[in-house]
Amino acid sequence: MPSKDTDPHPPLSRRGFVALATRAVLWMVGGAAAVGLGRYLSYSPSTARPTRFTLDVPEGYPSGARVVVPGAGAAVYRDAEGFFARSLTCGHLGCRVRPVEDGGFDCPCHGSRFAAEGARLQGPAPRDLEGLALALDDQGRLVVDLSGRVDSAWRLTPPPAIQAGRSRKEGCRT
Amino acid sequence: MKRPSFFEHLHPPSIPEPQARFRYTLGLGGLSVFFFLVTTVSGALLLFYYAPTYEQANASVQLLQYHVPLGWLVRGLHFWSAQLLVATSGLHLLRVALTGGFRAGRRFNWLLGLGLLVLVLGLDFTGYGLRWDASIGWALLVGTNLLRQIPLAGETLFGWFVGGPELGAATVLRLFGWHVFGLMLPALGLAVWHLFRVRRDGGIAHASSVEFPVRRLPRRELVGREVVAMLIAGGCLLALTSLAAPALDGPLDPAAMSEQAHAPWFFLAVQELLRWGNPLWLGVILPAVALLALALIPYAIDRGRLLGRWFPSDGRLSQVLAISLAIGFGVLTLRAALR
Amino acid sequence: MRPSARPILLATLALAAGVGFAGVRERTPTYAAYGSAVPIALLPSLTGQPEYCLTCHDGIEEISAAHPTEVFGCVRCHGGQPLALDAETAHAGMLGGRNPSAFDVVEVACGGADCHSGPSDEGLDHIHRSLVSLQSTYAGAIAAVRYAFGAQPDLAARFAVNAVRDPEITTPTGLHSLDALLPVAVTEPPQVQALGSRCLTCHLGAEPLDQPGRRRMTGCAACHAVTNWDGAYTGGDPTISRNESGHASTHRLTTAIPYTQCDTCHNRGNYRLVDMDFHERTDLPAGGSASRLQAYYQPIAQFTACEYQLDCIDCHPSGEVMGDGDLHSRMDEVRAVECRTCHGTLTEGPQTRSIFDADDPALRQAHLNPSSSLQVGDSVVVTKRGETLWNVRRLEDGTFELTAKVAGAVYAVPQVAGSSCEQVVEDQTSSACHECHAVERH
């Protein structure tokens, strides 16, 4: 074997190259395996909850309606000015408020009470029920979005319904 | 002088060269160890995602197969290394039978190996069941009902595997318990003992070296050969996994099972046997008798003394027995597969 | 002696090749065939569980405005495996294959007290009504043929295509149960056996004959999923072939059902009791290119202008077509719409009722149709059996207008009262009106 102290940079013999190449490939494979293991262990299934809930067309809700959207923790109202929505999550410690007969809500956890449109009446809740954003989707249906916040005076005015009196044919005669 | 590490202690400082010849052992025992290791490591990784409940079992396998990064690879490696383990174990058994490796001094190790084979088959079967999909329903039903056939202990054994009067939510949990611990720990124990006995009984069976001097293979070279074998086997395993994924069907509903009724490939022979009649005789007693015959080879059937070669001339009876059992198994399996 | 290095290098390369295989497989998932590089997740608000069907089916139409994809997702109706990303596993456990409204699975796919198996007084019992309707049971045709050949003494139905029971009867002519005709017993007259073997492709649960113009789905989709002449799919789902029959025209359910859908069974010809064979009408040009006037009714029919210019459903509401929830023996027992329902008579106008409740079923039906502007407070026409025709409305000035459900056009409905009609008030049969008002087809 060539002695190391005669030549500070001995040329790479074929055996040395083979050993080096082997080691390089093994390191690369090992690196890929380590990266793969990291990715494998890091996966978490999406625990996203739905935030958009689709409802009926505006004509389906007459003025004065209050609809609790199932599964959404929200209520949608229509008054003379238009549509608005309120979150049914109590601002105190996050419990879901329940509707009561007089149109308001009460919170089962610590007794907060809210008026029909979400105003805070009594109890430890720090604020009114929050206003949620409403929109119309491309089919003209109402959609409530749990992630959008609006103030209590905000309204969605629906587009005017298709009016009668557009051009009518007289009977079926051709 | 540098002292040997733990891993180097797994091998003796040198072994007689004839023992290590590939054409002698075919490396089947070593391959079995490799596949056992891959199965164990991949199984441990699967534990992070597999959910052993009735509602979630199949869905968690789907999550692994389709959504977890490289989950398909871990699952596929686990499946293929397990099937290859069963294959190499069986072939290793045949090799030892046909080279007289069970002869005097190694008889108990032969029994340990047989026990290990039974445990590996049990692990493969319970592993199939954990998929909990429509394709394994019949296999589970038949397999557990076969247990019931055993006189006296049958109902109890059935209860231990099914966890109730019929296949249901408790069964998934039980299969999981058996697969990950109940069969696995004894298998680990037997495997370690089996490998220890190989060394204690004098290494791989070989002709006595008194007659002629033998070259000895140093430990480093032996390990080098094993590393080569593991690398090639690993590459083939990865390629196989990439090209062929294990099947996955929708969740099992024991009340509404699919029309296909197929045993897993290693039990196809038993399924074929069962077509002929009595489940106790054909499904329990006949396989048990075959196992007993194998177990008795070193003790009652074989009387020879030659070691270290294929088809020793003083072992015809045991060779015929081993080959007929292998052919019988193969023919039955083929018939069932071609239906 | 050191182990020789070259075998180890080659073996390492074998391992690297295996890793390469795995890497390639990781980068080329099966669903990439349909154009998507990553799985597409849908999170329907009804179930809260992610579904990956759109990974391959990206571009498929929303099934209807009443079943928003964001709310229902796919699996709620179709079944299948929401997490899977290859076709075989994903489609395991699907209900009814491509049609979850097929009658053998409709109760699981579309049913439920909040969906289409609800109370009849809220109009939510669509599945029950469809299953016992005459279009499903075919009881009228079967009873007529059996009566004609002496197998039964009257026209009351005793058999349906499949056995069916109805525990709750709400009309005077309702029946409790019907036995299954199939398989036709050998004791039946040969003509009834011929009926059983040749004539039963025209009930809702049957696969239609595979001929142009007859192509439709089964179950609810037989009417509500519009098919075109050759039964091929023309929508945006990349996985569905455009060249094979057996598909709806798009992945949409509609209540605006055009007359062509009804004509996949109706107006196709006549069966003759003499030879128990069906004789197709011969007056239609090939290829589905006939005009509305030519195609609508078969040559023996008599009809007015409005009867072919409107669609069938503009006059025949769901209570007639889907039934009223009872088993009946004849079409006459469910058919209630007449000319005078909308046009009135010389002495009185049409019967109407007002809609005062936002949950009125007629209002809900009207909202499904984009042409309708019906609102609480409007007055609409009712048939003599009380069913509401929500598309015929009385205006404030006392006149009536009809909104065509499919075409969307609005028509003024001429009233008989105050006109020069020469009718005999007691004779309100359709043939009496047709005597003057029928059109000729040239």
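Axes are lines fitted to C-alpha atoms, for helices over the stretch in contact, and angles run from 0 to 180 degrees between N-to-C directions. Helices (H or I, at least four residues) and strands (E, at least two) are DSSP runs, numbered from the N terminus. This is a predicted model, in which local features need pLDDT of at least 70 and side-chain atom pairs count only at pLDDT 80 or more, while totals for chains, interfaces and linings use all residues. Residues are numbered from 1 along each chain as its sequence is written, and chains are lettered from A and ligands numbered from 1 in the order in which they are written.

In chain B, helix α7 (residues 137-149) packs against helix α8 (residues 154-162) at an angle of about 150°, and their axes are 6 Å apart. Angles under 35 degrees count as roughly parallel, over 145 as roughly antiparallel, 65 to 115 as roughly perpendicular and the rest as oblique. α7(B) and α8(B) are therefore roughly antiparallel to each other.

Two residues are in contact if their C-beta atoms, placed from the backbone, lie within 7 Å. From α7(B), Thr144(B), Leu147(B), Arg148(B) and Gln149(B) meet residues of α8(B), including Leu157(B), Phe158(B) and Phe161(B). The contact of α7(B) with α8(B) has five nonpolar, three polar and two charged residues. Here Ala, Val, Leu, Ile, Met, Phe, Trp, Tyr, Cys and Pro count as nonpolar, Asp, Glu, Lys and Arg as charged, and the others, Gly among them, as polar.

## A sheet in chain A

Chain A has an open sheet of four strands in the order β5-β6-β7-β8, with antiparallel pairing; two strands pair if DSSP finds at least two bridges between them. β5 (98-99) and β8 (120-122) of chain A stand at the edges with a single partner strand each, so one side of each is left without a neighbour in the sheet.

β5(A) is joined by two bridges to the antiparallel strand β6 (residues 105-106) of chain A. Opposite Phe105(A) in β6(A) stands Pro99(A).

Chain C contains 19 helices and 10 strands. Its C-alpha trace spans about 120 × 60 × 50 Å along its principal axes.

The contact between chains C and A takes 35 residues from chain C and 38 residues from chain A. On the side of chain C, α1 (5-27), α3 (69-72), α14 (305-309) and β10 (410-413) each give two or more residues. The largest share, nine residues, comes from α1(C). By class, this side has 25 nonpolar, seven polar and three charged residues.
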